[in-house]
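Subject: Handing over the structure

Hi,

Here is the structure I promised to pass on. Have a look first, and my notes follow below.

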Amino acid sequence: MSITGKVIGVIVGLLLFRSPWGAIIGLILGHFYDQSVVTVRRTGSGAGVLEIGERFFTATFEVMGHVAKADGRVSEAEIAAARKVMAELRLDGVQIHAAIAHFTRGKSRDFDLQTTMQEFADACANRPDLVRVFLEVQVRAALEGVDMKGPAALVIQKVADLLEVSRIELAHMEAVLRLRREQFRAGADNGNRGGSAGQAPPRSGAQISAAYQILEVDPKATDEEVAKAYRRQLSKHHPDKLKANGLPESMLEHAKQRTQQIIEAYELIKSVRGA
């Protein structure tokens, strides 16, 4: 923690005003100076949107490869999971080629997870929404590959720790992404059974409970509180906002899918409440 500004502020305040009030004013001004210095140090050279996007893309697939190799080998299921994520993100040929190269790099023994995460965190300083999307993509791949279990889960926990994301928030990400996977599978099963077009499937208590979990709001909340939670989640995951903060085009599909899940959860809650 920097205190240089505070010390100088107190001295200058005493010299100028020759009273305790001068020292207090100097201390306050020095505090703001120290905060600005810390911010500059954390952001380094101040990564631009393009640089953030490049680091995001590179780190995403390097870490994905590192997580897949956590147990010493990369299974066919994990390779298929990585390719599925690439397909769902709608990467083009050039992007897929680059993603595979980064994935391979992450599998190597000399891959430095801590340095990679530090550089990524520096680039995304003061952009927690980008960090959240990054982690969601990692959890998504791990769920598809090994159901977010074993060594892979431990590595993702370490990544979360390095990015200063709490275990509680990580657990919530996992729960929401599991729900989305189950909803997708349920929708596919319903289609395979030849359900009538335009006919909504019956909603279970578990689905309604999941909708509240997606919005991060208590089922006992008022309609107004639910609406506020909906707007808050929509703002956090909105593709345009994330893009403006540096999320690369290749990752926007994930944000769009999360936004759609939030909208569907809110619509379900409104229909159940008769709102």
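Before anything else, a word on what I call a contact: two residues touch when they have heavy atoms within 4.5 Å. Helices (H or I, at least four residues) and strands (E, at least two) are DSSP runs, numbered from the N terminus.

This is a predicted model, so to speak with its own ground rules: local features need pLDDT of at least 70, side-chain atom pairs count only at pLDDT 80 or more, and totals for chains, interfaces and linings use all residues. Residues are numbered from 1 along each chain as its sequence is written, and side-chain values use heavy atoms, with hydrogens and water left out.

**The overall picture**

The chain has 13 helices and zero strands, so to read it along the sequence is to read α-α-α-α-α-α-α-α-α-α-α-α-α. Of its 275 residues, 41% are buried. For that word and its relatives, buried means under 20% relative accessible area, exposed means over 50%, and partly exposed is in between (1.4 Å probe, protein chains only). If you take the contacts between residues at least 6 apart in sequence, 77% of them join residues at least 24 apart.

**Two helix pairs**

How do H10 and H11 pack? Helix H10 (residues 205-215) and helix H11 (residues 223-237) meet at an angle of about 60°, and their axes are 8 Å apart. The axes here are lines fitted to C-alpha atoms, for helices over the stretch in contact, and angles run from 0 to 180 degrees between N-to-C directions. H10 and H11 are therefore oblique to each other. On that scale, angles under 35 degrees count as roughly parallel, over 145 as roughly antiparallel, 65 to 115 as roughly perpendicular, and the rest as oblique.

From H10, the residues involved are Tyr212, Ile214 and Leu215, and they meet Val226, Ala229, Tyr230 and Gln233 in H11. Sorted by class, this contact has six nonpolar, one polar and no charged residues. The classes go like this: Ala, Val, Leu, Ile, Met, Phe, Trp, Tyr, Cys and Pro are nonpolar, Asp, Glu, Lys and Arg are charged, and the others, Gly among them, are polar.

The axes of H3 and H8 come within 8 Å and cross at roughly 140°, and H3 and H8 are therefore oblique to each other. Val63, His66 and Val67 of H3 make this contact with Ala152, Val155, Ile156 and Val159 of H8. Its residues divide into six nonpolar, one polar and no charged.

**The cavity**

The structure holds one cavity of 30 Å³ or more, and the largest cavity has a volume of about 90 Å³. A cavity is a set of points, on a 1 Å grid over the protein atoms alone, where a 1.4 Å probe fits but cannot get out; lining residues have an atom within 4 Å of a point. Grid points are joined across faces, edges and corners, and the volume is the space filled by probe spheres set on the points.

Of the 13 lining residues, Met64, Val67, Ala68, Ala141 and Ala142 are the closest to the centre. Helices H3 (49-68), H4 (76-88), H7 (128-146) and H8 (151-162) each give two or more residues to the lining, with H7 giving the most, at five. By class, the lining has ten nonpolar, two polar and one charged.

**Some single residues**

Leaving aside neighbours within four places in sequence, Thr60 is in contact with Phe134, Val137, Gln138 and Met251.

Lys243 lies in helix H12 (residues 239-244) and is partly exposed at 39%. Not counting residues up to four places away in sequence, Lys243 touches Val49, Glu249 and Leu252.

Ala77, in H4, is also partly exposed, at 39% relative accessibility. Its C-alpha atom is separated by 7.7 Å from that of Glu144, 67 residues apart along the chain.

Finally, two loop residues. Most residues other than glycine have a negative phi. Asp147, in the loop between H7 and H8, has a positive phi near 60°. Glu164, in the loop between H8 and helix H9 (167-192), also has a positive phi, of about 60°, and is exposed at 70%.

Best wishes

How values were computed: On a 1 Å grid over the protein atoms alone, a cavity is a set of points where a 1.4 Å probe fits but cannot get out, and a pocket is an open set with protein on both sides within 12 Å along at least five of seven lines; lining residues have an atom within 4 Å of a point.
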